[in-house]
Amino acid sequence: MSDWPDGYHLIEGSSLDRSRLLATMATAYQELGATQVGHLTRTVELYLAGPSMLWWLEPAATARVGFMASQPKAIGCLWLGQSINQLTGALQGYIYLVYVDPAHRRQGWGRRLMTHAQNWAAEQGYDQLSLQVLLDNLPARQLYKSLGYQDSATLLHLDL
């Protein structure tokens with residue numbers, strides 16, 4: 001893909017990447033302070049089988065032919081699908097996961113992945129692309145704001 005600098009490429013994933021996706025999600029949530037990640041297995045089961053797309057950002061030198069006993073270290077991951085806008089009832093693109101390895105952050109990879117997400121959503125005919133972000137994930141929130149994302153809901157909870 002020409003949007004990626006020399007030496008890097010975006011590889012389309014599949015349902016065969018289930019364990020890799022699960023490990024990446026667990027890492028992402030643990031970095032944000034999650035102490036329980038077992039529920040992510042169910043999340044992947046529910047949404048990876050549906051109309052979703054998965055990509056891995058990897059060094060271009062990575063050769064992926066046939067079944068691989070070990071996966072190359074991904075620089076980033078992007079998992080997209082659809083959801084329903086609860087205000088309008090319209091189907092919309094939804095970002096299930098955007099992740100960049102800590103050693104590669106603040107280098108524009110997140111912005112490139114988000115641009116890829118926007119292009120994908122537009123190609124699918126969606127009028128809107130949504131995601132959920134934790135309030136204390138300030139770097140991600142700043143990125144999303146800089147790309148034009150707007151707050152549209154607040155998730156509230158009560159510990160019992």
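Me: Which residues does Gln-92 touch, leaving out those up to four places away in sequence?
Reply: Start by listing the neighbours that come from elsewhere in the chain. In this predicted model, Gln-92 touches Gly-81, Gln-82, Ser-83, Ile-84 and Asn-85, and also Tyr-126, Gln-128 and Ser-130.

Me: Is Gln-92 buried or exposed?
Reply: Look at relative accessibility, where anything under 20% is called buried. Gln-92 comes in at 6%, so it counts as buried.

Me: What does the side chain of Gln-92 make a polar contact with?
Reply: The side chain of Ser-130, at 3.1 Å. Ser-130 is also on the list of residues that Gln-92 touches.

Me: Which strand holds Gln-92, and why is that strand called largely enclosed?
Reply: Gln-92 sits in S4, which covers residues 91–100. Of the 10 residues in S4, 8 are buried, so the rest of the structure largely encloses this strand. As for strands in general, side chains in a regular one alternate between the two faces of the sheet.

Me: How do S3 and S4 run, parallel or antiparallel?
Reply: Antiparallel, with 9 bridges joining S4 to S3, residues 76–84.

Me: Which residues have the most contacts inside the largest nonpolar core?
Reply: Think of a core as buried nonpolar residues joined through their side chains. The largest one here has 21 residues, and Leu-78, Leu-80 and Ile-95 have the most contacts inside it. Strands S2 (53–59), S3 and S4 each give two or more residues to this core, as do helices H3 and H4 (138–146). H3 gives the most, with 6 residues.

Me: What does Leu-78 touch, again skipping residues up to four places away in sequence?
Reply: Its contacts include Met-53, Leu-54 and Trp-55, then Ile-95, Leu-97 and Val-98, and finally Leu-113, His-116 and Ala-117. There's a second, separate core too: it has 16 residues, among them Leu-40, Ala-74, Cys-77 and Tyr-94.

Terms used:
Residues are numbered from 1 along each chain as its sequence is written. This is a predicted model: local features need pLDDT of at least 70, side-chain atom pairs count only at pLDDT 80 or more; totals for chains, interfaces and linings use all residues. Side-chain values use heavy atoms; hydrogens and water are left out. Helices (H or I, at least four residues) and strands (E, at least two) are DSSP runs, numbered from the N terminus. Buried means under 20% relative accessible area, exposed over 50%, partly exposed in between (1.4 Å probe, protein chains only). A polar contact is a pair of N or O atoms within 3.5 Å; within protein, one must be able to donate a hydrogen and the other to accept it, and residues adjacent in sequence count only if both atoms are side-chain atoms. Contact means heavy atoms within 4.5 Å. Two strands pair if DSSP finds at least two bridges between them. A nonpolar core is a set of buried Ala, Val, Leu, Ile, Met, Phe, Trp, Tyr and Cys residues joined through side-chain atoms within 4.5 Å.
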